[in-house]
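Here are my notes on this model, as numbered points. Please read them with the structure open.

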Amino acid sequence: MTVQQILWQLHDLDQQGTRWNEQLERDGLSVYRQRSERARQALAACMQRMSEVESDLERRQQSLVRLESEIGQLQSELKSVHGYEASVLNHRLQPLLLHKGQQEEILLQLMLEQEETGPQLSPLRSEAEEAAQELEEARSEEQERVAILRQRLAQANEQRLLVAKSLEVELLAAYERGRKCYGLGLQEVKTGRCGRCRVEFPDHFQRLLKQGEGMACPTCQVVLVQPRTGQGPVNESRQV
Ligand SMILES: [Zn+2]
């Protein structure tokens, strides 16, 4: 194996490691969490409205009973009076009757709402339970996914140590520097020039590169490799 092949191997391992780390950071549960939270909130809102309607109904029914008894009182008083006294009583009675009509209208609306809201509770409750259940199931799948990724990363790290060990210290240091500065440890040679700084290499230098030697660009110090021919990276990234 040439030094450049080893460098490509290191590069592939690093690329793969980066992808796995990204997959590791992704929260595989967020969709389930959101769905469960939405269902929970919808149920809570429905229950809240239901209890508001119920207590409002109770309060208004009690106040209607008081109002009706007040009206009944006035109406029975009216039977025994005439003239000015009767008109005074009538004057008191009219707004009470109007108020009663309004209260009955509101009560009717509340009862309708109660009738409509009641049947919504049960499906909302089932949906919330279902979503919570799905989240629980997804949790164990997610744990498994994370465990597999961690294991693969650990194996890749071990392999990387071995590969890195087989490189010269200076070349490895240049590779690591490139990774830190440019996100890539390697730079391909293009038409006899450095792919980064574009400096043209002398013939003997190009010959060594073509033989697979591991060299850094004399100008910008990036590690140089010949473009890969044939199939892509040896270590295909596996989606987990
Ligand atoms: Zn260069």
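**Notes on the model**

1. Start with I6. Setting aside neighbours within four places in sequence, I6 is in contact with M1, V163, S166 and L167. The model is a predicted one.

2. I6 belongs to helix α1, which covers residues 3–25. Is I6 buried, exposed or partly exposed? I6 has 17 other C-beta atoms within 10 Å. A residue counts as buried at 20 or more and as exposed at 12 or fewer, so I6 is partly exposed.

3. Now compare sequence and space. I6 and G195 are 189 residues apart in sequence. Their C-alpha atoms lie 19 Å apart.

4. Two domains are assigned. Domain 1 spans 26–163, and domain 2 spans 168–225. Their centres, taken over C-alpha atoms, are 68 Å apart.

5. Next, the sheet. What is the order of its four strands? The order is β2-β1-β4-β3, in an open sheet with mixed pairing. At the edges sit β2 (193–194) and β3 (215–216), each pairing on one side only.

6. Strands β1 (residues 186–190) and β4 (residues 223–225) pair in the parallel sense, over three bridges. Within this part of the sheet, Q187 stands opposite L224 of β4.

7. Two helices deserve a check against the sheet. Helix α1 packs on the sheet and touches β1 and β4. The direction of α1 makes about 110° with that of β4. Helix α4 (residues 169–182) also packs on the sheet, touching β1, β3 and β4. For α4, the angle with the direction of β4 is about 95°.

Definitions and conventions
Residues are numbered from 1 along each chain as its sequence is written. This is a predicted model: local features need pLDDT of at least 70, side-chain atom pairs count only at pLDDT 80 or more; totals for chains, interfaces and linings use all residues. Domain bounds come from an automatic or database domain assignment. Two residues are in contact if their C-beta atoms, placed from the backbone, lie within 7 Å. Two strands pair if DSSP finds at least two bridges between them. Axes are lines fitted to C-alpha atoms, for helices over the stretch in contact, and angles run from 0 to 180 degrees between N-to-C directions.
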